[in-house]
Each structure stands twice: as C-alpha cells, then as structure tokens.
Amino acid sequence: MSESLPLSLTINGRAVGPVDVPLGMPMIDFLHEHLNLTGTRFGCGQGICHACTVVIEAADGTTSESRTCIFDAHYFNGKSIVTIEGQAPRDADGNVIELTPVQKAFIDNFAFQCGYCTPGFVTGATVFMDSLKRKPVRRADLEQAIEDALNVHLCRCTGYVRYYEAIRDLALATPGYVID
Amino acid sequence: MRKIILIVLAIIILPSLAILSGAFRTTQLSPDIYQPLSAERMEALKPRGRELTLAGDCFGCHSLAKGPMGAGGLPIDTPMGTIYSSNITPDPTYGIGRYSRADFHRAVREGINASDRNLYPAMPYVYTQITTPEDVDAIYSYIMSIPPVAKEVPANTGVFQFPLRSFMNFWTLLNVPARQAPNEPSRPPAWNRGAYLVEGLGHCGSCHTPMNVMMGPDFARSLDGAIIDGQEAPSLKADVLAAQGFDVASLTNFLATGISPQGTSFGQMHTVTHFSTSAMERSDVEAIATYLMTSADGTIPAPANPPDPQPESFQPAADGSDPGRVVFVEACAGCHGMTGEGIPNVAPPMRGNATITLANPLNLLSVIVNGVPDQTFAGNQRMYAMPPFAHSLSDEQIAELATWMRTQWGGHSEPVAVAEVNKLPRPVD
C-alpha cells in the first residue's frame, strides 16, 4: 500500500515525528526499520506469542502492554510507548546505568534460556508490577495473578516456572505490592 | 355491601386462587409414566437419550463452565434477580436422583418439579413440552446414568428467593400454549425431525424469538431474532439465512463445527455449537438446518453471494482517505487482513461475515468494544482471543470503523451513529 500518513508519538521518553509512514506498516517494522530499535522481537506475527509487546503509558500514568506485530504503526499515533531499549535507565551517553528490578529478577532466577521471548516477558512483568503498585494482591492470590497477567506470553525453553518465580519473588520483596 | 364483597370474591379472588393452586393446569401426561421403566429398557434407551440431551443442550445451562457435568449452579440473571440452574445429576440429595419416571416427565413436559412446585421458565418447558413420551424416557434413562455430583446449588436471589412459584401458574396460563411439534407429512423426514428438535428440545426460540412483556416467547414472531444479554440473537428465517450465504450444507457445517465462511460462533451461540450441535449426530444437525432453511412455501432459497461494497455514504477525510478504513488498517487488518481475508485459527474473515450484514450494528459494535475470548471448536480447532477496543479506540473511531466495515462487507450504506457506541456496556477492566 503506497499511501502514507504523518505519525507522531513518544518512544522511550523521546518525541518521534511527525514522520511519513506508510499506512499498513506494522509497528514492529517501524521500530526495526525506521528507528533501528531491534530489541522488540518478531515471533509469530499473528499476535499470539506476545514476544513483540511494548509498554503503553497512558496520560493518567497507568500502563498496559500492546502487541506490535498485529497493530499498525499509526495505531500508536499520539501514544507514549516504552520498548525494551527504554526499560533500563541510561546515562547521557546512552549507556545503561543499571537494570530494572524486573530485569534483575529474571537474571537472578535464570528465568530465560534463548532469550527470544524475554523482551515481551520484561514488558508484561513490568506492567504487572505497575498494576500491583496501584492495586496490591493478597498473598494467596499472587501466583494466580501472575499467571493471569503473563499467561499470554509464550516461552519455548524454560517452561515458565523460573519466569513466574522471579516475578513472585520480586513482588514479595517490594513493600506494599502484596498484602496478606 | 356484603353482596358486593361476595361478587368481587366470586369474580376475582376465587378464580385467582384457583389459578394459583394450579387448578387450570390440566395434565396431558399418560398414566403409563407412573409405571417405572425396567433396568433393561433404561439401558437400551441410553444412547438415544444421550443424543437428545445433547440436542437440548441440557448441560449448557445445568453445568458451570469447566464445572462438573450436570451439577448446575450456573447463574441466570434476569431483571428480577438471579436464578441458579439446578443439579440434574442423579445425586439423591442435591440432584434429581429421587426423581421417578413420572417426576421427570412432569418437569420436562409441564414445568413442575418432583415437589409439585412450578419450575421457573428459565427451564424451557414451553419448548420441551412437545417432546414425545418415548424421548423423555430416553433422556431420563441417560441422565440417571451420568455420574452423580453431591454439590448444592446456591439459593436464588432477588424476587426468586421468595415463595413465588405458585404465581408461575398465571404465567404459564398466559405464555405456554399447548404446542405440538410441526408435523407435515408432505415435507421430507429431515424437515419434520428438524422441526421437532428446533421447536422442542433445541429451544432455539429461547434466544432467537422475541419476548413479550411477560418475558414469555412471542410465538407470532417465532425465530424472528431478538436482543438478549446485550447482543442480537439473529433471525433464523430461511430468507435471512440465505441472504447471509447459508444453505443446508453450510448451515449444517456451521452448527457441526462453530466455524463457517459467515463467521465463527461467539457469545451465547458458542456454548450451543460447542456443547450441543457439534456433539450431535450429523443427521440431526442436518435436519435442523433443513428445517431452518425451508421457507413457509416449502422451498429452500438459494444462498446469496456476499454483498458488494457500497458507495461511501459519508464525508471522507480531506486527504481522500476514509477514516473508518484507516482505523481498520491500523487496528484490525493485522489479523483480519487488509482485504478482510482473515487468518485461519486466529481471526475469521470479514468478507461474507454475517455479523457485519445484520441490519442492526449491535453485534459488530459489541464485539469491537468487548472483544471475544479464546474459543475452542470441534475437531481441536481454536480461535485466538480478540482484544476489546473500548479503551484504545474512541467511540467516534469505533462508529467510523463500523460504518466503513458495513459499507465494505455488510451491504449497508447508512452510517453508524456514535450514540449507538456510547450506549454499549463496557468491559470491566
């Protein structure tokens, strides 16, 4: 499709655009080809594996995750998103200062093996932790809440156990996220 | 004065009391049913009973999703309160294990339980009453053979927690005509079998026939389509089905699988295709399709091709692009395809999709706003969940999207009003 439309959005805190982007270009292609943000993984291309998700930051401060393979770049027009490159804080030269708590927890728990699904899991777990900050869960409901939140993310190496344990440990170690 | 009181008593109160006590509920049941069935007879009737139980989708309402089969407890919400479906397993305490053959006949054919109390019409006895005594025996034989589940059903809420069952005698008097299965010797056996199942056990009209003010079926508009639980149960008239591209073969396939070129079953109809029609004998499903696809004059109308795209009926954007089409490409085309071709097992095609062709845009809007959960279909087929778009598209965008989809694939050129979107209930999250 040859028609293009102007696109403006915020990616990892920086304003992008307006730039002409073809209508019909999936967001993940825009990230990869136009912005060289190649950390977001293209998996099934059908919206099922959730390797391609990014964080959407709403105006009210809440977050959600969105797939980028099935949604057009223009679907994100005017939105603010965080890709895997924007998770860890960086210094002025762009070097990562430290990993986020979710990223550290995944490494501490040997949560991933090949790592292809990891950007999506970081996105999903980050949004889940953010939801706990606003609405803590009871300890008895924590495992189910983790499964409900991350169930859509597919991983073919580790069988999910270490991912879920990492998120559970982090939630328990973060004051106010889990109530009894 | 005393005379007036006596007259009032005679004219109003006494007949009312008579109705209340069930005096006008004459039984049509044969005295034979008080004779228990022999163990051999019940064993022999079980396979036939299983098929009829599936045709009635008894477990669709009398089980919780993923709960034990027949153990009841499914909440049925009404404006007056919630009724919980009963446990119909043969458990003697919580189920119907103590039901005699006659008790079961009275429940299915007259809407009266073993304690001689009226069932609420959530039990579709207005339909199941036409079931033949032999078939009721078969269902009884099968139900009495399923595993008993000792599980108590929650108490009804709202008005249904009060002792109102006697008042159902009034409702029944006004809403339950003595019905017979259509029997047309001039029509093929498949038509007659289909009529018996559709108008009886299948109780299709429970959703697809409009209700009167008493929430009883308006039989004058039988299977004309109705709004139920915020979605439209579309008309099942032969000409309407044919206009959507159905014929007997394709409607049979849809009922047997839940999947068709006209779309996949969703909402309440998914439980029907999932638990009932996909598990039934092919010949019975074909009979249902034959009955539904046959017009009043006995002919089966030819299936129509999908409608042609309509000229746009609203102002396109300044750059010439159509705002509804842009929303489709941005939000929908990733799964449903740039030309609406869909992806097998992920997203159904839009071209030829019956939901888009319905005159009322309610179902299309409801699906866009609320999404569709993951669904399984016959033969290990699956459809991936469709996300709700209530929070990521504005009501204006959804109205434009629906308008464009209907011009493109629905054969409708009139725009969908934003007000139609505004009034839809939203997903909770």
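**The sheet of chain A**

Modeller: Start with β3(A) and β4(A). Four bridges join these two strands, and they run antiparallel. Pick out one pair: E57(A) stands opposite T63(A) in β4(A). The two strands form a hairpin with five residues between them. In that hairpin, G61(A) takes a positive phi near 90 degrees. Keep in mind that this is a predicted model.

Now go to the other partner of β3(A). Strand β3 of chain A covers residues 54–57, and three bridges join it to β5(A). This pairing is antiparallel too. Here V55(A) stands opposite V82(A) in β5(A).

Move on to β5 of chain A, residues 80–82. Two bridges join β5(A) to β1(A), and these strands run parallel. Look for I11(A): its bridge partner in β5(A) is I81(A).

One more pairing remains to be traced. Strand β1 of chain A spans residues 4–11, and strand β2 of chain A spans residues 14–22. They pair in the antiparallel sense over seven bridges. T10(A) has A15(A) as its bridge partner in β2(A). β1(A) and β2(A) form a hairpin with two residues between the strands. There, N12(A) takes a positive phi near 55 degrees.

The five strands make an open sheet in the order β2-β1-β5-β3-β4 of chain A, and the pairing is mixed. β2 and β4 (63–66) of chain A stand at the edges, each with a single partner strand, so one side of each has no neighbour in the sheet. Neighbouring strands of this sheet are turned against each other by 40 degrees on average, with direction ignored.

Helix α3 of chain A, residues 118–134, lies across β3 and β4 of chain A. It runs at about 160 degrees to β4(A).

Now the setting. Chain A has chain B beside it: 13 residues of chain A are in contact with twelve residues of chain B. On the chain B side, the touching residues divide into nine nonpolar, two polar and one charged.

Chain B itself has 18 helices and eight strands. Its radius of gyration is 24 Å, close to the 22 Å that the globule rule gives for 429 residues, so chain B is as compact as a globular protein of that length. Along the principal axes, its C-alpha atoms fill a box of roughly 80 × 65 × 45 Å. Of its 429 residues, 42% count as buried. Take the contacts in chain B with a separation of 6 or more: residues 24 or more positions apart account for 65% of them.

Finish with a helix pair in chain B. Two packed helices are described by the angle between their axes and the distance between the axes. Helix α14 of chain B covers residues 323–336, and helix α17 of chain B covers residues 395–410. Their axes come within 7 Å and cross at roughly 95 degrees. That makes α14(B) roughly perpendicular to α17(B). By class, their contact has six nonpolar, three polar and two charged residues. In α14(B), the residues that meet α17(B) are P323(B), G324(B), R325(B), V327(B) and F328(B). Among those they meet in α17(B) are L401(B), W404(B) and M405(B).

Key: Residues are numbered from 1 along each chain as its sequence is written. Chains are lettered from A and ligands numbered from 1 in the order in which they are written. This is a predicted model: local features need pLDDT of at least 70, side-chain atom pairs count only at pLDDT 80 or more; totals for chains, interfaces and linings use all residues. Two residues are in contact if their C-beta atoms, placed from the backbone, lie within 7 Å. Ala, Val, Leu, Ile, Met, Phe, Trp, Tyr, Cys and Pro count as nonpolar, Asp, Glu, Lys and Arg as charged, and the others, Gly among them, as polar. The radius of gyration is taken over C-alpha atoms; the globule rule is 2.2 Å times the number of residues to the power 0.38. A residue is buried if 20 or more other C-beta atoms lie within 10 Å of its own, exposed if 12 or fewer, and partly exposed in between; C-beta atoms are placed from the backbone. Two strands pair if DSSP finds at least two bridges between them. Axes are lines fitted to C-alpha atoms, for helices over the stretch in contact, and angles run from 0 to 180 degrees between N-to-C directions. Angles under 35 degrees count as roughly parallel, over 145 as roughly antiparallel, 65 to 115 as roughly perpendicular and the rest as oblique.
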